[in-house]
Amino acid sequence: MSLNTQKASHIAQVLTEALPYIQRFSGKTLVIKYGGNAMIDETLKNSFARDVVLLKAVGINPVIVHGGGPQIGQLLAKIGKESEFINGMRVTDTETMDIVEMVLGGQVNKSIVNLINNHGGRAVGLTGKDGSLIFAEKMKFASPEDITIDAPEIIDLGFVGRVTSIDTSVIDMLIHSDFIPVIAPI
């Protein structure tokens, strides 16, 4: 068997195995959290973008929600601002929030949109502020050291919030217009 015949046979086998899933999820919305090494390694980035475009092409509606913690940390370090973390969450004052918005809503979001578009998709970048997409409440929690005390110390993380609701109308509009929403969780 020639190399081209083997490759075609492999592609046919993969598509045959994927067909039940494609049929099951066709027309459904699939939220994908994109972060970690997949955002750094070029091979993984390109594989991610191709897979997202393929999902849209077969009738599944991907919605991408991305991270960007390392990129935020790099820019904060570059301007000489030290990051403080409590229980894995970045304490976010006004200055840090400005950096978070610039990095997530600008640099990272636009990079992902371009990546998907360069692989044949039609991606649109959003933040949680756009169209009042994400609603959140300020997050506070009791200090773990003070749990046994009757009145534990409440730790303020600044502009860190817990999502309370999402208005999907903008996402629905984009999906039904054949776009792939890419959301920065701001």
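Trainee: How many bridges join strand β5 to β8, and do they run parallel or antiparallel?

Mentor: In this predicted model, strand β5 (residues 123-127) is joined to β8 by 5 bridges, and the two run parallel. In that pairing, Thr127 stands opposite Ala184 in β8.

Trainee: Nice. What about strand β2, how many bridges join it to β8?

Mentor: There are 2 bridges between β2 (residues 61-66) and β8, and this pair runs parallel. Here Val65 is the residue opposite Ile183 of β8.

Trainee: Okay, and is β8 buried or exposed?

Mentor: Buried: 5 of the 5 residues of β8 (residues 180-184) are, so the strand is largely enclosed by the rest of the structure.

Trainee: Which residues are on each side of β8?

Mentor: Ile180, Val182 and Ala184 are on one side, with Pro181 and Ile183 on the other. Both faces are covered.

Trainee: Switching topic: where is Ser169?

Mentor: Ser169 belongs to helix α5, which covers residues 169-176.

Trainee: And why do you call Ser169 partly exposed?

Mentor: Because its relative accessible area is 41%, which lies between the 20% cut-off for buried and the 50% cut-off for exposed.

Trainee: Which side chain does the Ser169 side chain contact?

Mentor: That would be Asp167: a polar contact of 2.9 Å joins the two side chains.

Trainee: Last one, how many Å apart are Ser169 and Thr5 in space?

Mentor: They are 46 Å apart, C-alpha to C-alpha, and 164 residues apart in sequence.

Conventions:
Residues are numbered from 1 along each chain as its sequence is written. This is a predicted model: local features need pLDDT of at least 70, side-chain atom pairs count only at pLDDT 80 or more; totals for chains, interfaces and linings use all residues. Side-chain values use heavy atoms; hydrogens and water are left out. Buried means under 20% relative accessible area, exposed over 50%, partly exposed in between (1.4 Å probe, protein chains only). Helices (H or I, at least four residues) and strands (E, at least two) are DSSP runs, numbered from the N terminus. Two strands pair if DSSP finds at least two bridges between them. A polar contact is a pair of N or O atoms within 3.5 Å; within protein, one must be able to donate a hydrogen and the other to accept it, and residues adjacent in sequence count only if both atoms are side-chain atoms.
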